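Good morning, and thank you for making time on the agenda.

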Amino acid sequence: MPCPALPDGFDFTDPDLLHHRVPHPEFAELRRAEPVRWIPQTGNVAGFQDEGYWAVTRHADVKYVSTHPELFSSYLNTAIIRFNEHIQRDSIDAQRLILLNMDPPEHTRVRQIVQRGFTPRSVRALEGRLRERARAIAEGARAHDGPFDFVTEVACELPLQAIAELIGVPQDDRAKIFDWSNKMIAYDDPEYAITAEVGAISAAELISYAMNMAAERKRCPAHDIVSTLVAAEHEGNLNSDEFGFFVLMLSVAGNETTRNAITHGMHAFLTHPEQWELYKAERPVTAAEEIVRWATPVVAFQRTATQDTELGGKLIRKGDRVGLFYASANHDPEVFDRPDDFDVTRDPNPHLGFGGGGPHFCLGKSLAVLEIDLIFNAVADALPGLTLVEDPRRLRSAWINGVKELRVSTAV
């Protein structure tokens, strides 16, 4: 039976929708009445030459799909739930070289290599330098005597600097990474006037930059993660192409998502002042996880069924696309007490903001949590009286919960 509160033609991946809001009321209705629902699409709007996808909205079902890659593939149609109607199939297939879009056993092989850069020891080695950088970023923002953009002045800086530290990108080049990654994901937002061609060129430039870095480290290894991942390729390391696509993924997964989590977190604090006061006084270690749950920077990824199977009482046919709506799962009242409350002391917090488990669970979770923790501690110290000036300006996107601008002020 159709969900009565969901209008005909409603599509959770419509970029105009996320441009204005995350559809939490509609998610709640589907979780209650039809947790796995077919969402029709016409005119090839998503670029897949099919008729739509299944929207999966309950926490348990999202976890099930995520942890059964033998039934639900990332490789067949990639994990991106919507491209645009003009994309060519070969452009979609080319993205299978990215770790995000691989299935085991190839995914297992590549992940075992790249996770060397994300060991607890590797992350701990960055902590001191990132703490100093977070402090400098917050103190630099304090110099403003009027309104400023929190996104560009604060939120974007630490993730970029962390990536630069992690893989040895010179700090002077971090603006290039920022620009390339923005262009790759902003194809749905007319403000940026970014075409699919421009996005593809940006991706190629980023991959070329990374491949050149890999080639240099092969000639002259250094004490950095690049050398660890690419030197002595015959010993099971990445080749230059694989490293290039790894950096491309990192520039989005480690930059865009963390930046948006930080921005949404600051907005949440400023619109829930009692939580900001609590945080400043107590600095709970649980705050970063709640910020990620609340923000859920990636609203949805997708999988493709490898065979006929059942999910949520519905028959999923082989070849059907299945949308995993993390933003809905993270507000599931069957899992979270008071899910619509922003509570930085929430514990336990089994959110799916880093994925639903399984092979594609976020490789950089520990680093992201560290960055969020460091930047908000620094902001609480340097900018305790920060105030909201305007509502955030949101990114027009089919699957990213993005913020382009958040105007704040240090003026009392």
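Predicted model: local features only at pLDDT ≥ 70, side-chain atom pairs only at ≥ 80, totals over all residues.

Residues are numbered from 1 along each chain as its sequence is written, and side-chain values use heavy atoms, with hydrogens and water left out.

Helix α12 covers residues 240-271. Helices here are DSSP runs of H or I with at least four residues, strands are runs of E with at least two, and both are numbered from the N terminus.

Let me turn to its partner α16, residues 365-382. The axes of α12 and α16 come within 10 Å and cross at roughly 40°. Axes are lines fitted to C-alpha atoms, for helices over the stretch in contact, and angles run from 0 to 180 degrees between N-to-C directions. The two helices are therefore oblique to each other; under 35 degrees counts as roughly parallel, over 145 as roughly antiparallel, 65 to 115 as roughly perpendicular and the rest as oblique. On the α12 side, Thr258, Ala261, Ile262, Gly265, Met266 and Phe269 make the contact, and they meet Ala368, Glu371, Ile372, Ile375, Phe376 and Val379 of α16. Contact means heavy atoms within 4.5 Å. By class, this contact has nine nonpolar, two polar and one charged residues. Ala, Val, Leu, Ile, Met, Phe, Trp, Tyr, Cys and Pro count as nonpolar, Asp, Glu, Lys and Arg as charged, and the others, Gly among them, as polar.

How does α12 pack against α13, residues 273-282, and at what angle? The angle is about 105°, with the axes 4 Å apart, and that makes α12 roughly perpendicular to α13. Met266, Phe269, Leu270 and Thr271 of α12 meet Pro273, Gln275, Trp276 and Tyr279 of α13. This contact divides into six nonpolar, two polar and no charged residues.

Next, the spaces. The structure holds four cavities of 30 Å³ or more. On a 1 Å grid over the protein atoms alone, a cavity is a set of points where a 1.4 Å probe fits but cannot get out, and a pocket is an open set with protein on both sides within 12 Å along at least five of seven lines; lining residues have an atom within 4 Å of a point. Grid points are joined across faces, edges and corners, and a volume is the space filled by probe spheres set on the points.

The second largest cavity has a volume of about 50 Å³. Its lining includes Leu97, Val110, Glu242 and Phe245, and α12 gives the most to that lining, with three residues. The lining residues are eight nonpolar, no polar and one charged.

The second largest pocket holds about 270 Å³ of space. Of its 15 lining residues, Val22, His24, His264, Arg394 and Asn401 lie nearest its centre. Here too, α12 supplies the largest share, three residues. The lining divides into seven nonpolar, six polar and two charged residues.

Finally, the backbone. The peptide bond from proline 104 to proline 105 is cis, with omega near 10°, and proline 105 sits in the loop between α4 and α5. The bond from aspartate 347 to proline 348 is also cis, with omega near 5°.
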